[in-house]
Each structure stands twice: as structure tokens, then as C-alpha cells.
Amino acid sequence: MSRDIQFTLDNRLSLCASFVREGTKLADVGTDHAYLPVKLAAEGKIRCAVASDIRIGPLENARTNIIKYGVEDIVSTVLSDGLDNISPETADDIVIAGMGGELIAKIIKRTQWLYDGSRRLILQPMTRMESLRLFLYENGFLIEDEKACVSGRKCYSVMLCRYDGIIRECSKKNQYIGLLDKDKSDEAQRYISMIKSKLTKKISGLIKSGKTEDAEYYNNILSEINA
Ligand SMILES: C[S@@+](CC[C@H](N)C(=O)[O-])C[C@H]1O[C@@H](n2cnc3c(N)ncnc32)[C@H](O)[C@@H]1O
């Protein structure tokens, strides 16, 4: 049953939400305001959700919204570093959004029960996206789908992943633009432009400070993306 709530998710969280399976048990790790589970619960799209955060303040924000929008029968909260205090039976789809790519990789790495093909990971890194993609390739996680969105003035990528145990080679191009390489949408093209412009800035900074070898390394990545 759907309930009437008065907020819409921004494009970034909407894209994360679009990857969540209907009727799933959801974990939203690093939930902060809990907008994502609250919205999905209010729309009747999920069976249940656990909204977790490492800090009490954000978890209180989450609790306030859960009560405000009347979804406390569906969404619970837990104080947890990553998935440490979340029990495997309560989460089939796991969203980790709005954190750095390296932190997301660390959280996944130490959670053994994610190494199971039935779990789906919906990942939205804010920084170091290339480190996260490399981690996934090298640790047997398949990136099944990836889409980009524009929210405010920024571009983001959201990846849908699951463990299949196959270790894959990850080219620099894969590391930096992932599956968006094959995506002709405006959002994907804007994401790729953003990555190229970040690399260009980095290269010119390295050249200015005399680090020509490092500049060459990033220049090769840029050429690979442009090829
Ligand atoms: C920028 S907010 C993102 C909120 C929401 N997921 C979103 O994407 O809009 C990041 C949240 O992650 C939480 N966080 C940081 N490290 C964490 C960890 N190791 N485990 C769980 N939560 C963490 C922070 O306390 C913060 O509330």
C-alpha cells in the first residue's frame, strides 16, 4: 500500500532507488536522513528496510523522518560501522551511497556475507570511483549495470553489483568510466566529460610542479578514454 509523502528524492537518490528490487529487504548504509528507505517504504516498494549510520546524530535524523512519514513499521534504524551490526537475513539489496569509493570498498571487503551471488549492491561513490571499480573487478564482484545522473551541478555514477567470484582485469578506461563507456545518454556523456576534465586539470598541475612521469601516467589514461 502506498502512503502520501511530501518529498521527492533528488536525481542521485532516485537513480539509486531505481535499482532497488520491488518487495526486497533493504539496507541503506550511511543513511543520514533516511530519505531513500523512507520514500521506498512509503511507496510500498520494499518489504522492510534497515537504515544504518556510524554516527548517532544522522541516525536521529533518520528516526525523525521515519516517524514523520509514518513508516516505522517498515524501516528500522541501527548504529553500525558499515554492515557490522546488520544481520544478513535483514538485507538482500544493499545501498551504500554518498561516501568515498575507498570507504565503500573497505565496508564491502570486510563483510563476508556480501560474498554471495544473491545480494545486490547499489553503490554511489562521491569520490575515488576508480578505486571502487578496481576493487570490485579484483575481488569477484560483477558490475551488472551502471548509470549516470546529474543532480544540481554535479554528475554521479550508480553501480549495480553482485558477487560472482570471477576476478576480472580492469583496464584504466574501465576504472575511470566503468560501463558508462557504452552509454550514449546525456548523463553518461556529461559524466565522462567531468572525468576527462578532472584528469586534464590533474595533468596540468603535475606538469606545473615538474612531476612529468606522473603527468605521463594520467595522460595515458586520458588517451585510453579518448580512444
Ligand atoms: C553524505 S552522507 C550520505 C547520506 C545518504 N546515504 C545519501 O547518499 O544522501 C554520508 C553518511 O555516511 C555515514 N558514514 C560514514 N562512514 C560510515 C561507515 N563506516 N558506516 C556507516 N555509515 C557511515 C556518515 O555518518 C553520513 O551520515
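**View 1. Classes of residue in the shell around the ligand.** By class, this shell holds 8 nonpolar, 5 polar and 4 charged residues, where Ala, Val, Leu, Ile, Met, Phe, Trp, Tyr, Cys and Pro count as nonpolar, Asp, Glu, Lys and Arg as charged, and the others, Gly among them, as polar. The model is a predicted one, in which local features need pLDDT of at least 70 and side-chain atom pairs count only at pLDDT 80 or more, while totals for chains, interfaces and linings use all residues. Residues are numbered from 1 along each chain as its sequence is written. The ligand is surrounded by 17 residues, the closest being G30, D32, P58, A97 and G98; a residue is near a molecule if its C-beta atom, placed from the backbone, lies within 6 Å of it. At least two residues of the shell come from each of β2 (46-53), β4 (93-99) and α4, and β4 gives the most, with 3 residues. Helices (H or I, at least four residues) and strands (E, at least two) are DSSP runs, numbered from the N terminus.

**View 2. Packing of helices α4 and α5.** Helix α4 (residues 101-109) packs against helix α5 (residues 129-138) at an angle of about 25°, with their axes 7 Å apart; axes are lines fitted to C-alpha atoms, for helices over the stretch in contact, and angles run from 0 to 180 degrees between N-to-C directions. α4 is therefore roughly parallel to α5, a term for angles under 35 degrees. G101, E102, I104 and A105 of α4 make the contact with M129, S131, L132 and F135 of α5, residues being in contact if their C-beta atoms, placed from the backbone, lie within 7 Å.

Conventions
Parallel < 35°, antiparallel > 145°, perpendicular 65-115°, else oblique. Contact = placed C-beta atoms within 7 Å.
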